[in-house]
Amino acid sequence: MFRLMVAVSLLLAAGLAGCGRDDVAAAPNDFGGDPEQGRILVTKYSCGSCHDIPGVAGAHGLVGPPLEHMGERTMVAGVLPNTPENLTRWIEQPQSVVPGNAMPDMGINNHDARDVAAYLYTLR
């Protein structure tokens, strides 16, 4: 019985091994966004009123999810693979991605959305 339990445990561990952070595809570093400008824009657009964002003073909102480790996540909004294009689209027009979700369209243009996305990818 003990050997069976060990064998099952090893099989389960092997199956879960593929779920680690090593499988998370790192976002490209250069897709036209400026991470430092993005950090400034996160404050300008008051993202911290809804999100907890490490490295941003006063950004301790509890409405949306915390944004720490955003650069390691595999999904955006639970529906899009975490790619620079998808994250930028989500930041720019979240209501077109998931109509009726809690994140409002903030009027963020594509350039600013790319900068914000670049900053979020630094959060690992």
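A77 lies in the loop between β1 and β2 (80-81), where strands (E, at least two residues) and helices (H or I, at least four) are DSSP runs numbered from the N terminus. Although A77 is not a glycine, its phi is positive, at about 60°, and the residue is partly exposed, with a relative accessible area of 39%; here buried means under 20% relative accessible area, exposed over 50%, and partly exposed in between, computed with a 1.4 Å probe on protein chains only. The model is a predicted one, in which local features need pLDDT of at least 70 and side-chain atom pairs count only at pLDDT 80 or more, whereas totals for chains, interfaces and linings use all residues. Residues are numbered from 1 along each chain as its sequence is written, and side-chain values use heavy atoms, with hydrogens and water left out.

A positive phi, of about 65°, is also found at H69, which is likewise not a glycine. H69 is placed in the loop between α2 and β1 (75-76) and is partly exposed, with a relative accessible area of 28%.

Within helix α2 (residues 35-44), the residues G38, L41 and V42 are buried. They cover an arc of only 110° around the axis, which puts them on the same side of α2, the arc being that of the directions from the helix axis to the C-beta atoms. The elements that cover the buried residues of α2 include α5 (110-120), contact being defined as heavy atoms within 4.5 Å. At the start of α2, a side-chain oxygen of D34 comes to within 3.1 Å of the backbone nitrogen of E36, while the helix is followed by S46, whose phi is positive, near 60°.

In helix α3 (residues 84-92), the buried residues are P84, N86, L87, T88, W90 and I91. The buried residues of this helix pack against β1, β2, α4 (94-97) and α5.

One aromatic pair is counted under the rule that rings of Phe, Tyr and Trp (its six-membered ring) pair if their centres lie within 6.5 Å, with planes under 30 degrees apart counted as stacked, over 60 as edge-to-face and the rest as tilted. The ring centres of F31 and Y121 are 5.9 Å apart and their planes stand at 85°, so the pair is edge-to-face. The pair links distant parts of the chain, 90 residues apart, with F31 in the loop between α1 (2-16) and α2 and Y121 in the segment after α5. Both F31 and Y121 are buried.

Conventions:
A polar contact is a pair of N or O atoms within 3.5 Å; within protein, one must be able to donate a hydrogen and the other to accept it, and residues adjacent in sequence count only if both atoms are side-chain atoms.
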